[in-house]
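Reader: I would like to understand the terms applied to this model. Please set each value against its definition.

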Amino acid sequence: MAAQETAAHAASQRRYYARHRDEINTKRSANKDWRRWLETRKLWKRTYRNKPRIHRQVYWAIQRGELVRPESCSHCHRTGCQIMGHHEDYSKPLSVIWLCQRCHLAVHRHEVIV
Ligand SMILES: [Zn+2]
Ligand SMILES: [Zn+2]
């Protein structure tokens, strides 16, 4: 009788799955998204942990004249806007790409590659 019960149980599980398949799949993929989000966040933390220090280094490099903040965005060449230093690689604090806010945001949204 135990075997019968198990079979019945398995069948009811299958029925449950068939009925709620979409729901279950949505939950599963939401879970995956969550995991991915956590991974991204971990990576982000690792990458940006040194950010304040790096920005200080950039600031002092500008003060010393080692870095020059240009007047225009190096992507769209717009002037008269705030130009920000963008880092492709935070391990190279003085390798800065100068971008206007619009291009900078686009770069971070991966719409533009500099
Ligand atoms: Zn720009
Ligand atoms: Zn940036």
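**Terms and values**

Author: The chain is assigned domain 1 (2–48) and domain 2 (68–108), with bounds that come from an automatic or database domain assignment. This is a predicted model, in which local features need pLDDT of at least 70, side-chain atom pairs count only at pLDDT 80 or more, and totals for chains, interfaces and linings use all residues. Residues are numbered from 1 along each chain as its sequence is written, while chains are lettered from A and ligands numbered from 1 in the order in which they are written.

Reader: What separation do the centres of domain 1 and domain 2 have?

Author: Taken over C-alpha atoms, the centres are 42 Å apart.

Reader: Why is D33 called exposed?

Author: A residue is exposed if 12 or fewer other C-beta atoms, placed from the backbone, lie within 10 Å of its own, buried if 20 or more do, and partly exposed in between. D33 has 10 such atoms within 10 Å, and is therefore exposed. D33 belongs to helix α2 (residues 21–48); helices (H or I, at least four residues) and strands (E, at least two) are DSSP runs, numbered from the N terminus.

Reader: How do you know that β1 and β2 pair?

Author: Pairing requires that DSSP find at least two bridges between two strands. Strand β1 (residues 83–87) and β2 have 5 bridges, in the antiparallel sense.

Reader: What makes β2 largely enclosed by the rest of the structure?

Author: Of the 5 residues of β2, 4 are buried, so the strand is largely enclosed.
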